[in-house]
Amino acid sequence: MITLERIQPAIEPSELKALLHEAHQCNQRLEAGTGLGADMLGWLELPQQQTSDDIALVNAIAHSLRSRSDTVVLVGIGGSYLGAKAVIEALSPLHRVHGSDIPEVLYAGCNLCPDYHSDLLDALDHRNYSVVVVSKSGSTIEPGLAFRLVKQHLEQQVGRHEAAQRTVVITDPEKGALREWAKAKGYRTLAIPANVGGRFSVLSPVGLLPMAVAGIDIVALMDGAKQAQTDTSVAVAPELNPACLYAAARNGLYRKGKRMELLATFSPKLRSLAEWWRQLFAESEGKDGKGIFPVNSSYTTDLHSIGQYVQQGERSMFETFVDIVQQNSRLVVPSDSRNLDGFNYLVDRSIADINSIAMQGTIQAHHKGGVPVIEMRLPQLSAYTMGYLLYTMERACAISGYMLGVNPFDQPGVEAYKANMQMLLNNGAAV
Ligand code: PA5
């Protein structure tokens, strides 16, 4: 899955060996629960611990929402929605097919933009919809306010009783305002395990319910995650362990002055996956004055914008490419009798093949230009491979955070803007 040939010459094989040894030790601390943030390690076991009954319950709730609605609004921010969005976009048609019987998932509460939310409510006037609201704390202002807006809209549209039937709350198993709401209103609930943080929750009901609503095979997804749990465990030698390989390479590069990591994908279907990855690594590692700054780009689109910088700008970054080996589309270049555009030399070549050659050309050019490259390969885009990738990334992130010497499971810095905003909203008084 991971190839590290092109991190050379920045990292030589002997250095990589030492880094892998360090990554393996961090993985051992993670598995033994002796590292920082050990009370938040519930995600480590989620794939193998969730039972088929747990998954069947999620699928049953998804089925009941699907039977009532053409649209499902997912209310949440950060780790509460990015994972679901990543998988839904990767595995669903990019352009919605007219007449599809799978509900469309729309997103609310991931910003405070008034236009975004009024446009959403206008669109919902003409939809038959349900709501899934996700907030572990139950006190985050963005989803909290969006839920108020959507709840009121839905109650006006279908009445209080039916609105309650169409609302599912995913929150802390015991505490929080949202759990109180759910009890008072009689909403169905699913729990985010107390020892699983938001950005590590994609393989819990947080990610699984919206995915199931959107028609994703969550059994296959969890099978992929289970395999990744096995393949990234301490029983596997670090040079064969994809999480150790990734964590070792990126920390080695960071120590060589490569402060920025650019995750490059070659499909707009993976744009949200890259955003999920960016949040996972930024919130987990960016603290105590340390951390690789994660950015993402969607090529070839962005080769015509930031490509120039990557090729010839400041040499302070490395790139991680996510390659999907087997593409689903069979689209080929059609022939044209007049060949006015000069592209007839490509007739019958598949677009997938051309995209793949664009990726190879880009990797070679950027590496030659002084950008170390990590390559990640998925055999194809499927629920199974997405589950495998999500778990591997989570595990790599935790190992990488330990190599960096930070607690990957807290996010104290996020509170600073919240405290200021709340004080300003409350006329200078603490809330
Ligand atoms: O990773 C995290 O913990 C955060 O990104 C949270 O998911 C995000 O801040 C939303 O928090 P909550 O689910 O409590 O509303």
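In the predicted model, Asp323 and Arg377 are joined through their side chains by a salt bridge with an N to O distance of 3.5 Å. Asp323 belongs to strand β9 (residues 317-326) and Arg377 to strand β10, so this pair links parts lying 54 residues apart in sequence. The two partners fall into separate accessibility classes: Asp323 is buried, at 17% relative accessibility, whereas Arg377 is partly exposed, at 35%. Through salt bridges with shared partners, Asp323 and Arg377 form one network together with Arg6 and Glu375.

Within this network, Arg6 pairs with Glu375, and their closest N and O atoms are 3.0 Å apart. Arg6 is located in the loop between β1 (2-3) and α1 (13-32), while Glu375 is part of strand β10 (residues 373-380); the contact therefore ties together parts separated by 369 residues in sequence. Glu375 is buried, with a relative accessible area of 6%, and Arg6 is partly exposed, with a value of 23%.

A further salt bridge connects the side chains of Glu283 and Arg199, at 3.0 Å from N to O. Because Glu283 lies in helix α12 (residues 271-285) and Arg199 in the loop between β6 (188-191) and α9 (205-213), this pair ties together parts that are 84 residues apart in sequence. Arg199 is buried, its relative accessible area being 4%, whereas Glu283 is partly exposed, with a relative accessible area of 23%. The pairs described here are among the 22 salt bridges that the structure holds.

Terms used:
Residues are numbered from 1 along each chain as its sequence is written. This is a predicted model: local features need pLDDT of at least 70, side-chain atom pairs count only at pLDDT 80 or more; totals for chains, interfaces and linings use all residues. Side-chain values use heavy atoms; hydrogens and water are left out. A salt bridge is a side-chain nitrogen of Lys or Arg within 4 Å of a carboxyl oxygen of Asp or Glu. Helices (H or I, at least four residues) and strands (E, at least two) are DSSP runs, numbered from the N terminus. Buried means under 20% relative accessible area, exposed over 50%, partly exposed in between (1.4 Å probe, protein chains only).
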